[in-house]
Amino acid sequence: MTYPPPSGTDPWSQPSTPPVDPTLPVSGQPVPGQPTGADPYAPVDPYAGMKSEQPAPVAADPYAVPGYAPAGYAPAGYPQAGYPGYGYPQPPRTNGMAIAALVLALVGFASCITAPVGAIMGHVAQKQIRQTGEGGEGMAKAAIIIGWILTGLMVLGIIFYIVMIVIAIYASNTSSSY
């Protein structure tokens with residue numbers, strides 16, 4: 001379309017013939033039919049002629065030691081421990097004393113009485129963990145650290161409170177003697 005449109009034509013008028021349908025065949029050519037025969041989109045195995053009937057033999061590992069397996073794995077030929085079908089070892093069971101020690105040490109923030117109990121239980125839990133091989137060593141260590149820190153702060157608070165009482169008593173005795 002040229003700008004400005006030629007004079008005498010209305011640029012907004014509709015064409016007199018409808019547009020050509022692109023799905024219709026061109027005159028003089030036959031209408032294509034449905035495809036016949038094999039599916040042209042079917043997957044094809046590019047190695048179909050190269051396959052043999054016998055699988056290739058697997059060479060044995062010359063460095064393999066019979067009955068040896070890396071740490072955490074069962075030797076070859078024996079069933080895996082843990083969940084069937086999974087080759088991962090199960091994590092060790094968490095020591096209950098370690099959990100209780102950490103809970104008591106953390107409750108010591110609110111009631112300073114349970115902090116030393118949690119610290120002592122953390123020491124007992126560490127000893128049990130070393131003997132049995134259970135999990136929870138980090139929880140026991142956290143209970144010991146938190147418990148003894150809170151116990152130390154509690155002792156400092158009590159000492160400060162006693163010193164303040166002694167100072168108040170001494171100050172009241174010196175001021176009343178005048």
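This is a predicted model: local features need pLDDT of at least 70, side-chain atom pairs count only at pLDDT 80 or more; totals for chains, interfaces and linings use all residues.
Reader: Where do I start? How many helices and strands are there in the protein chain?

Author: Start with the inventory of elements. The protein chain has 3 helices and 0 strands. Along the sequence the pattern reads α-α-α.

Reader: Now a helix pair. At what angle do the axes of α1 and α2 cross?

Author: Read the distance and the angle together. Helix α1 covers residues 96–107, and helix α2 covers residues 114–132. Their axes come within 7 Å and cross at roughly 160°. Angles over 145 degrees count as roughly antiparallel. So α1 and α2 are roughly antiparallel to each other.

Reader: Is the crossing of α1 and α2 left-handed or right-handed?

Author: The crossing is left-handed. On the α1 side, the contact is made by Met97, Ala98, Ala100, Ala101, Leu104, Ala105 and Val107. From α2 come Thr114, Ala115, Val117, Gly118, Met121, Gly122, Val124, Ala125, Gln128 and Ile129.

Reader: How do the residues of that contact divide into nonpolar, polar and charged?

Author: The contact of α1 with α2 has 13 nonpolar residues and 4 polar ones. No charged residue takes part.

Reader: Let us go to single residues. Is proline 116 buried or exposed?

Author: First place the residue, then check its accessibility. Proline 116 is in helix α2. Its relative accessible area is 19%, so proline 116 is buried.

Reader: Which residues does proline 116 contact, leaving aside neighbours within four places in sequence?

Author: Proline 116 is in contact with Gly147 and Thr151. Proline 116 and alanine 143 are 27 residues apart along the chain, and their C-alpha atoms are separated by 9.4 Å.

Reader: Follow that to threonine 151. In which helix is threonine 151 found?

Author: Threonine 151 sits in helix α3. With a relative accessible area of 11%, threonine 151 is buried. Beyond neighbours within four places in sequence, threonine 151 contacts Ala115 and Pro116.

Reader: What about glycine 152? Is glycine 152 buried or partly exposed?

Author: Glycine 152 also needs placing. Helix α3, residues 137–176, holds glycine 152. Its relative accessible area is 33%, so glycine 152 is partly exposed. Glycine 152 and alanine 115 lie 37 residues apart in sequence. C-alpha to C-alpha, they are 9.7 Å apart in space.

Reader: One more in α2. Which residues does glutamine 126 touch, not counting residues up to four places away in sequence?

Author: Glutamine 126 touches Ala140, Lys141 and Ile144. The place of glutamine 126 is in helix α2. At 15% relative accessibility, glutamine 126 counts as buried.

Definitions and conventions. Residues are numbered from 1 along each chain as its sequence is written. Side-chain values use heavy atoms; hydrogens and water are left out. Axes are lines fitted to C-alpha atoms, for helices over the stretch in contact, and angles run from 0 to 180 degrees between N-to-C directions. Helices (H or I, at least four residues) and strands (E, at least two) are DSSP runs, numbered from the N terminus. Angles under 35 degrees count as roughly parallel, over 145 as roughly antiparallel, 65 to 115 as roughly perpendicular and the rest as oblique. A crossing is left-handed if the near helix is turned anticlockwise from the far one by less than a right angle, and right-handed if clockwise. Contact means heavy atoms within 4.5 Å. Ala, Val, Leu, Ile, Met, Phe, Trp, Tyr, Cys and Pro count as nonpolar, Asp, Glu, Lys and Arg as charged, and the others, Gly among them, as polar. Buried means under 20% relative accessible area, exposed over 50%, partly exposed in between (1.4 Å probe, protein chains only).
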